[in-house]
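Here is a colleague's note to read with the structure open beside you. Take the points in order and find each residue as it comes up.

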Amino acid sequence: MKKDGHCAEGTYVITHDLGERIQSLRLLGLKTPNADDPFFAELHTKIKDRIASILPTVNVVTYNMNKLVEEVWAKATHLQKNIQDAIVVSSCAEVANPRRGHIIEINRIADKNGEIIGLGPRPGNPSLVKQISGIALVSNGNPVVLVEDGSFTGTTFEYLLNHLKQGRIKVAAIVSGICFPDALSHIGGIFDGEVVVMEKVDRPYEWMPDHDFIPFAPNCGRVYGGPFGDEMLPYYTHEGLSYCFPYILPFGDPVKWASIPKEHACSFSLLCLHEALKLFNMLDDMNGRHLTVSDLMGSTPRISIPITVGNGGLPSRDTPISSFLGEVCNELA
């Protein structure tokens with residue numbers, strides 16, 4: 001075991017769903033590449049190969065989240081059939097929305113230094129208290145099958161279990177797509193119902209979704225926010241735009257947050273920035289104009305404005321995204 005707590009020969013998990021998230025921008029009336037466009041497969045391979053090269057003793061594995069979600073949903077519905085009048089509740093929109101499940105939009109909230117300070121709603125959604133109250137009305141006293149796409153520590157499951165219990169919602173079973181040992185142990189200590197895990201990672205090194213490396217991707221990065229009464233909420237501009245810290249330089253801390261060695265942090269961040277620039281140049285060409293932040297407002301999941309730790313300069317709603325990314329690439333190079 002290394003000093004930083006990582007297993008030196010552990011497994012670095014990368015999940016990929018960027019293609020699906022970009023394709024979802026079609027709901028805004030934008031033209032996008034298909035989710036299975038070769039660009040996304042090539043980007044994912046580049047990220048995987050770079051991480052494998054800078055962490056040679058680590059086993060780098062990838063999961064297609066779309067396929068994993070299908071397996072998770074199949075298992076959840078199987079459990080649902082065996083539990084009378086049960087409903088499926090998920091914190092993963094990809095699980096719930098297309099399949100008529102019920103969703104709790106939850107994610108971590110970070111302070112101005114990018115440090116996690118609690119759990120709150122994903123940008124553009126009601127507070128967690130209101131969301132759980134809504135689940136209580138829908139469930140109407142019936143049991144719940146609780147679903148997550150994955151769990152690294154189990155803290156989100158713990159939060160949901162505690163707050164669903166406070167709302168008098170009984171969780172009968174849990175299904176997790178990817179689960180790590182600490183999470184499984186944690187869940188086992190607080191939940192005595194059935195727990196089903198689709199993919200176990202026995203010696204975890206890190207887990208990163210590819211969209212967290214690509215600024216302006218839906219759900220990218222740590223959401224910037226703070227306390228409001230007893231809850232954590234995202235911060236917004238007066239126009240309703242949220243903020244985030246992508247997991248790369250110059251915005252976030254890829255060393256601490258994504259376990260990228262310090263000597264490779266800049267080059268890895270540049271790789272991701274260049275791929276983000278290619279993506280938005282492609283989107284510009286497909287739409288016949290330079291897309292701006294305002295063009296992406298109202299996306300589901302939301303796209304947040306990338307900011308730097310300490311709240312450095314940030315783009316306005318009318319800044320061309322490709323121009324902004326090009327400037328960041330030049331500054332970091």
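1. **Two packed helices.** The model is predicted. Start with helix H2 (residues 38–54) and helix H9 (residues 265–287), which pack at an angle of about 175°. Their axes are 11 Å apart. An angle over 145 degrees counts as roughly antiparallel, so H2 and H9 are roughly antiparallel to each other.

2. **Who makes the contact.** From H2 come Phe39, Phe40, Leu43, Lys46, Ile47, Arg50 and Ile51. From H9 come Ser267, Phe268, Leu271, Glu275, Lys278, Leu279 and Met282. Sort the residues of this contact by type and you get 9 nonpolar, 1 polar and 4 charged.

3. **The largest nonpolar core.** In soluble globular proteins, nonpolar side chains tend to be buried together. Here the largest nonpolar core has 54 residues. Which members touch the most others? They are Tyr12, Ile51 and Phe213.

4. The largest share, 9 residues, comes from H9.

5. **A closer look at Ile51.** Ile51 takes part in the contact of H2 with H9, and Ile51 is also one of the core members that touch the most others. Which residues does Ile51 contact, leaving aside its neighbours within four places in sequence? They are Tyr12, Ile14, Val60, Ile260 and Phe268. Two of these names have come up already: Tyr12 is listed with Ile51 among the core members that touch the most others, and Phe268 is on the H9 side of the helix contact.

6. **Salt bridges.** Side chains of opposite charge can pair when their charged atoms come close. The structure holds 8 salt bridges. One of them joins the side chains of Arg21 and Asp17, at 2.9 Å from N to O. Are Arg21 and Asp17 buried or exposed? Both are buried.

7. **A bridge between loops.** Glu105 forms a salt bridge with Arg122, and the closest N and O atoms are 2.6 Å apart. This pair links distant parts of the chain, 17 residues apart. Glu105 is in the loop between strand E4 (102–103) and strand E5 (106–110). Arg122 is in the loop between strand E6 (116–121) and helix H5 (128–139). The cut-off for buried is under 20% relative accessible area. Glu105 has 11%, so Glu105 is buried. Arg122 has 14%, so Arg122 counts as buried too.

8. **A bridge between sequence neighbours.** Arg317 forms a salt bridge with Asp318, with the closest N and O atoms 4.0 Å apart. Arg317 is partly exposed, at 31% relative accessibility. Asp318 is exposed, at 55%. Elsewhere, salt bridges that share partners join Lys46, Glu275 and Lys278 into one network. Lys46 belongs to the H2 side of the helix contact, and Glu275 and Lys278 to the H9 side.

9. **Two cis peptide bonds.** The bond from Leu249 to Pro250 is cis, with omega near 0°. Pro250 is in the loop between E13 and H8. The bond from Thr300 to Pro301 is also cis, with omega near -5°. Pro301 is in the loop between H9 and strand E14 (305–306).

10. **Two positive phi values.** Phe216 is not a glycine, yet its phi is positive, near 75°. Phe216 is in the loop between E10 and strand E11 (222–228). With a relative accessible area of 2%, Phe216 is buried. Ser259 has a positive phi of about 60° and is not a glycine either. Look for Ser259 in the loop between H8 and H9. At 7% relative accessibility, Ser259 counts as buried.

11. Leu184 lies in helix H7 (residues 181–190). At 31% relative accessibility, Leu184 counts as partly exposed. Leaving aside neighbours within four places in sequence, Leu184 is in contact with Cys179, Val195, Val197 and Lys200. How far apart are Leu184 and Leu283? They are 99 residues apart in sequence and 41 Å apart in space, C-alpha to C-alpha.

Definitions and conventions. Residues numbered from 1 in each chain as written. Predicted model: local features only at pLDDT ≥ 70, side-chain atom pairs only at ≥ 80, totals over all residues. Heavy atoms only, no water. Axes fitted to C-alpha atoms, helices over the stretch in contact; angles between N-to-C directions. Helix = DSSP H or I, 4+ residues; strand = E, 2+ residues; numbered from the N terminus. Parallel < 35°, antiparallel > 145°, perpendicular 65-115°, else oblique. Contact = heavy atoms within 4.5 Å. Nonpolar A, V, L, I, M, F, W, Y, C, P; charged D, E, K, R; others polar. Buried < 20%, exposed > 50% of the residue type's maximum accessible area, 1.4 Å probe, protein only. Core = buried A, V, L, I, M, F, W, Y, C linked by side-chain atoms within 4.5 Å.
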